[in-house]
Amino acid sequence: MELLDVGLEEVTIAVAHISEIACPPNQTAMSLLDHRNQNEYLAGHLPTRLEGLDAALCGGIPFGVVTELVGPAGIGKTQFCMKLALLASLPTSHGGLGGRVIYVDVESKFSSRRMIEMGISSFPEIFHMGGLAQEMAGRVLVLRPASLSEFTESLQQIKVSLLQNHVKLLIIDSMAALASGEYGQGPPRHHPLGWHISYIKSLAEFCRIPVVVTNQVRSQSRDEASRYLFQGAVESRADTTTEDPSNFDSHLVAALGIHWAHAVSIRLVLESRSGQRLIKIAKSSISPSVGFFFHITSSGISLLNNEGVEMMGPQANKIHCQGHSGIINCDTEVLQ
């Protein structure tokens, strides 16, 4: 103030004036809704073609945020990802996004043959046209980083591709596999993917595309159960004394820990209950917590019923792996 030869009152007025110009104006919920309605591309979705799930998600996998698929090995996460890749590359005239897809295939599970099979079964009128199957498969760019450091280096390449190559979907299958060599089974002190999830979220927001990542499951310790009640805690110590060992699978939790859980916007859990597969919305700010039983056919994931089952309390976040020993191995990944 001495250098500028101004008084405290003048400085206070100047700061208030600058703040008024720099700070964004207050907005109401209605004004934000009107803005989104006027700019529909900001609120876009990639329909999954699963009617009940799309209705619950208000249209499908949303643009601009990170959606996570969590579940035990062999439950159908990669099948779901390949179907989404197919739908994103589908021409807009047939309900797709008509763009390219970047598919980060960490565990080498992506199958072009399987994706084309899904296309032929789901859209025979399109895929029987000469050369279209090969053209759509050519729209899916598959990256296979061998390590977390290699993936880190490829993120800049991914950003450039998103901006230059009309990319409409980014899939990373799976994030847990990328970090598996970085820490043990317990929660890490410093999350090895902290920077990566922030960068991936920024890509989703800046490019306004859906980003889908998969995550694995691990056993939940009783100490974690007491700390993270929303993830499906043991309800009481009295219950644990008579707990059926066959129910221990309900103490499976998503890998990568609590910090990662806060970073994703939508979490879809794929699990098995009494021999049936179930996909449920475990986390979403816009959707109810509902689940849908499904099976896997030549066309990919198909819902048995479009009427969702409401998930109450801890059931929304508990992850089950019961009754599918023939197709699911909770310890060893099975080719899907």
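Predicted model: local features only at pLDDT ≥ 70, side-chain atom pairs only at ≥ 80, totals over all residues.
Is Tyr199 buried or exposed? Tyr199 has a relative accessible area of 14%, so it is buried.

Trp195 is partly exposed, because its relative accessibility is 47%. The two rings form a stacked pair because their planes are at 25°, with the centres 5.1 Å apart.

A search of the whole structure gives 2 aromatic pairs. For the other, select Tyr103 and Phe110: their ring centres are 4.8 Å apart and the planes lie at 55°, so this pair is tilted. Tyr103 and Phe110 are both buried.

Now return to α10 (residues 194-207) and show helix α8 (residues 148-164) with it. The helices pack at an angle of about 10°, and their axes are 11 Å apart. Angles under 35 degrees count as roughly parallel, and α8 and α10 are therefore roughly parallel to each other. To see the contact, select residues on both sides: those of α8 include Phe151, Leu155 and Leu162, and those of α10 include Trp195, Tyr199 and Leu203. The contact residues of the two helices comprise 12 nonpolar, 3 polar and 1 charged.

The last stop is helix α5, residues 112-122. Select Arg114, Met115, Met118 and Gly119, which are buried. These residues lie on the same side of α5, because they cover an arc of only 145° around the axis. Then show what covers them: among the elements are α4 (77-89), α7 (132-137) and β12 (290-297).

Definitions and conventions
Residues numbered from 1 in each chain as written. Heavy atoms only, no water. Axes fitted to C-alpha atoms, helices over the stretch in contact; angles between N-to-C directions. Helix = DSSP H or I, 4+ residues; strand = E, 2+ residues; numbered from the N terminus. Parallel < 35°, antiparallel > 145°, perpendicular 65-115°, else oblique. Contact = heavy atoms within 4.5 Å. Nonpolar A, V, L, I, M, F, W, Y, C, P; charged D, E, K, R; others polar. Buried < 20%, exposed > 50% of the residue type's maximum accessible area, 1.4 Å probe, protein only. Arc of directions from axis to C-beta. Phe/Tyr/Trp six-rings, centres within 6.5 Å; stacked < 30°, edge-to-face > 60°.
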